[in-house]
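Please consider the structure shown below.

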Amino acid sequence: MMRAGMILPPVLLLALLFLYPLALVVRDSLSPDGAGGGALSTRAYSDVFGEASFRDALLNTIGIAAGATAGTLVLGFVLAFVVAFVPFPGSRALSRFIDVFLAFPSFLITLALLFVYGTVGMANGLWTDVTGASSGPFDFLHTPWGVLLAEVTYFTPFVMRPLLAAFAQTETAQLEAAASLGARPGRIVRQVVLPEALPALAAGGGLVLVLCLNEFGIVLFTGAKGVTTLPTLVYGKAILDGDYTGACVVAVVNVALSAALYGLYRMLLTRTGAHRARPV
């Protein structure tokens, strides 16, 4: 009885702060007049699903999120492996900086990339100074590739952090024993390091995938032409077009997609954890 009384307050607080606003969004997405009144209707869903802008935003969201996740997994694994197993001056400071980096807002990374690779950024300025050309060759930040680069840059530490924790549990004696038996570096990484890193890769990759699906600041600050994702479509419909019902529909789809992928991530994490714990 007392245990149930202790659980009830946080459950009520969660329902008030999260579930109730979400329920309002769902209700308004089913409201024909956008004000929550009248009979419920799925007409708004049919209208939004029939729009080319929604289909493009959905494909952009999934494509960019998948590409950014793949990039962060590869880059995060390589960098974490170097930091964990290749001694160099400043490796400990770099590891601590990763923790600080996780607290940075995403738009700061986008601004930094604009200062470097923007139309009037440092790279283009250096190019025009050296060659005398009227413009520089770097003009990709306002394309999907610019969004992808910014997201990979920003979210890679989210993969590195769990990987570094996993690598800290890996005994270097295993690597030394494998090397003494004649195993090449590629085989050591594939058969010794990678199995230990799979749960951390699943955790970091799943987190990055969900975060990329809901990323708004990077897409907005890059100003990528023709690159509309579900979060920016919600903003455009609600703020620019005044279509609140349509914005609620897109928001519900975004939440449902994120929840489904999070469930898949939890399933994969459970399976990789069980595989790791299985006795050999």
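A cavity is a set of points, on a 1 Å grid over the protein atoms alone, where a 1.4 Å probe fits but cannot get out; its volume is the space filled by probe spheres set on the points, which are joined across faces, edges and corners. The model examined here is predicted, so that local features need pLDDT of at least 70 and side-chain atom pairs count only at pLDDT 80 or more, whereas totals for chains, interfaces and linings use all residues. Residues are numbered from 1 along each chain as its sequence is written, and side-chain values use heavy atoms, with hydrogens and water left out.

The structure holds one cavity of 30 Å³ or more, and about 30 Å³ of space lies in the largest cavity. Its lining residues (those with an atom within 4 Å of a point) are Thr61, Ile64, Ala65, Glu151, Cys212, Glu215, Val219 and Thr229. Helix α3 gives the most to this lining, with three residues; helices here are DSSP runs (H or I) of at least four residues, numbered from the N terminus.

The largest nonpolar core has 36 residues, and those with the most contacts inside it include Phe77, Val147 and Phe167. Such a core is a set of buried Ala, Val, Leu, Ile, Met, Phe, Trp, Tyr and Cys residues joined through side-chain atoms within 4.5 Å, where buried means under 20% relative accessible area and exposed over 50%, with partly exposed in between (1.4 Å probe, protein chains only). Among the helices that each supply at least two residues of this core are α3 (52–85), α7 (144–168) and α9 (185–213). The most comes from α7, with 13 residues. Leaving aside neighbours within four places in sequence, Val147 is in contact (heavy atoms within 4.5 Å) with residues including Ile64, Leu141, Ile218 and Val219. Apart from this core lies another, of 11 residues, among them Leu233 and Val249.

Lysine 237 belongs to helix α11 (residues 230–240). With 6% relative accessibility, lysine 237 counts as buried. Not counting residues up to four places away in sequence, Lys237 touches Glu51, Asp243 and Tyr244, among others.

In helix α6 (residues 122–131), the residues Ala123, Asn124 and Thr128 are buried. Viewed down the axis of α6, the buried residues fall within an arc of 130° (taken from the directions from the helix axis to the C-beta atoms), so they line one face of the helix. What covers them includes α5. The face turned away from the buried side of α6 carries the exposed residues Met122, Leu126, Asp129 and Val130. Just after α6, glycine 132 takes a positive phi of about 80°.

Key
1 Å grid on protein atoms, 1.4 Å probe; cavity = no way out; pocket = protein on both sides within 12 Å on 5 of 7 lines; lining within 4 Å.
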